[in-house]
Amino acid sequence: MLQFTRTKIILILLTCLAGLVVALPNFFSKETVASWPSFLPHNQLRLGLDLQGGAHLLLAMDQDEIKKDWLTNLRDESRKALRDAKIGFTGIGVQGSQLVIKLAKPDERDQAIKELNKIRQTIGSAVLGSGGYDVDVTAGNDDGAVIVKPSEAGMRARISNAAAASIETINRRVNNLGTSESTIVRQGADRILIQFPGLKDTKELKALIGETAKLTFHEVHPSLSAEEAKQTSIPTGYKIYPNDKDEGGPSEYLLREQPVVQGEDLADAQPGFDSRNSEAVINFRFNQVGARKFANFTKDNVGRPFAIVLDDKVLSAPVIREPILGGSGQISGNFTVESTNKLAVQLRSGSLPTKLTIVEERTVGPSLGADSIADGKLAGIVGGIAVIILTVLAYGTFGIFACVGLLVHLIMTVALMTLIGSTLTLPGIAGLVLGVAMAVDANVLIYERIREELRAGKTSVSAIDSGFQRAFVTIADSQLTTLACAIIMFWLGSGPIRGFAVTLTIGILTSIFASVTVVRMLIWFWLKAQPKGRIQTVPV
């Protein structure tokens, strides 16, 4: 029935008032809003790259490095699997894009393949189903040879996982800079798109995301130096790493390739100063697993050096004076205050799974964004005036009620977007305009249904009540269809497409509230204001 209780009226009015208060800061400059009392809202809609300018970077992942690191891990896993199964081998090494294992006893090949199959991982999930294995284990052409090779599906999954990990790491690094308005999405198989609204200088940004920051702790060879290893032969399981220092210490170190502790075991890293010489250092702390590994290693190697390696370069190689049981320490070197701050951010955010190369860089000037905003305002004003004129001409007094509903719809949409911290872009403005169109369409459906009820001979009040009730089914059907499209766009889309989907979804919800609830309440007030609550004609 066309009735509104006092409680319902108060709730509707309070909702509209709350929306107006939350949306109000968007209609004033940042300087004006900053001067407001603290009890008033200060949040404003954030503008996207296309509206306020900023930086646009396109990064490419190094697929060869991903494959190389994977083959190295497979080599270590295969060596451990064969040793645990007590299967001897005379050689194991990477040849091209595969791992070749030569067994000591050719008749153990079937058993070796069986054991090596255990290191394979299934691709997919229990819900979506398995897509095969990430590694193929086959017999080689030579007797006693086994080939371990990444499958094509496994490589695609590996690249996809590396892209997801890179996006997460870059997000953490960027948030440490305070630029949380950035958009970081995947493009294609191995590329990552980064957009930073309002960022003018990309130098610091490129330095921050251009390094993998892969931190590892390695055992130094107890008796052989890098120079001696070059003259004779590098022992199995060891590798030569260059020294990152400009002066002091050897130029290269011979380190065990398998790290004692990896950067993934870091719980925190903060810049600081050495209390002894005021030198800039990085204070680090391991998690529980890393602390236990580091404690066991330092207990067994007191008096021997160990190396701290960053991106395959030795930062320092201190001597273990006593067991380090607390799970914390510091990294020293030729650091400046700026470099310690940057490196601490990188270490806290985690290492990138592979090197990223900038393949496209451009800057969008704020003047272009200002032009877009000006054009958008002009289009909105012209379109709004046209909608108001046409609606009032078509539906008279009820058309005025519909225009009030449109105003409520816009205010509520802006308020909700501000509350959830949405970023407004040009596609978002398009979603906003489409929301206005849907709100108008809802009122048109209601009013046309009222006209049909009047032509059917119903009384004015009965026609209005039936018009709202019967039109609601059609409105709900059309809005739910649009909502389904918006959800799919948000699920499968990225960047501006998601922004459009978010704005469209909010517009759907607010249009139903404004058209069905607010306009209906205004008509109810109008009916109450008529003499004795009776009317002869309906102005539609």
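This dialogue reads selected features of a predicted model.

Q: What are the ground rules for the numbering and the values?
A: Residues are numbered from 1 along each chain as its sequence is written, and side-chain values use heavy atoms, with hydrogens and water left out. The model is predicted: local features need pLDDT of at least 70, side-chain atom pairs count only at pLDDT 80 or more, and totals for chains, interfaces and linings use all residues.

Q: Which residues of helix H5 are buried?
A: Start with the terms. Buried means under 20% relative accessible area, exposed over 50%, and partly exposed in between (1.4 Å probe, protein chains only). Helices (H or I, at least four residues) and strands (E, at least two) are DSSP runs, numbered from the N terminus. In H5, residues 109-116, the buried ones are Arg109, Ala112, Ile113, Glu115 and Leu116. Seen down the axis of H5, they fall within an arc of 165 degrees, so they line one face of the helix. The arc is that of the directions from the helix axis to the C-beta atoms. Asp110 and Lys114, on the other side of H5, are exposed.

Q: What covers the buried residues of H5?
A: Contact means heavy atoms within 4.5 Å. The cover includes helix H4 (63-84) and the strands E4 (98-103), E7 (135-139) and E8 (145-150).

Q: In what order do the strands of the open sheet run?
A: Two strands pair if DSSP finds at least two bridges between them. Here 4 strands form an open sheet in the order E3-E4-E8-E7, with antiparallel pairing. Strand E3 (89-95) and E7 stand at the edges with a single partner strand each, so one side of each is left without a neighbour in the sheet. From one strand to the next, the twist averages 15 degrees.

Q: Which residues stand opposite each other in the sheet?
A: E3 and E4 pair over 6 bridges in the antiparallel sense. Ile92 stands opposite Ile101 in E4. H4 packs on the sheet, touching E3, E4, E7 and E8, and its direction makes about 25 degrees with that of E4. Axes are lines fitted to C-alpha atoms, for helices over the stretch in contact; angles run from 0 to 180 degrees between N-to-C directions. E4 and E8 also pair in the antiparallel sense, over 4 bridges. There, Ile101 stands opposite Val146 in E8.

Q: Which residues touch the most other members of the largest nonpolar core?
A: In soluble globular proteins, nonpolar side chains tend to be buried together. A nonpolar core is a set of buried Ala, Val, Leu, Ile, Met, Phe, Trp, Tyr and Cys residues joined through side-chain atoms within 4.5 Å. The largest has 39 residues; Leu74, Ile101, Val148, Ile170 and Ile194 touch the most other members. Helix H6 (residues 152-177) gives the largest share, 7 residues. A second, separate core of 22 residues includes Leu215, Leu266, Leu310 and Ile331.

Q: How many aromatic pairs are there?
A: A pair of aromatic rings is described by the distance of the centres and the angle of the planes. Rings of Phe, Tyr and Trp (its six-membered ring) pair if their centres lie within 6.5 Å; planes under 30 degrees apart count as stacked, over 60 as edge-to-face and the rest as tilted. The count comes to 13. Phe286 and Phe294 have ring centres 5.2 Å apart and planes at 55 degrees, so the pair is tilted. Phe286 is buried at 4% relative accessible area, and Phe294 is buried at 1%. Ring pairs link Phe217, Phe286, Phe294, Phe297 and Phe306 into a cluster.
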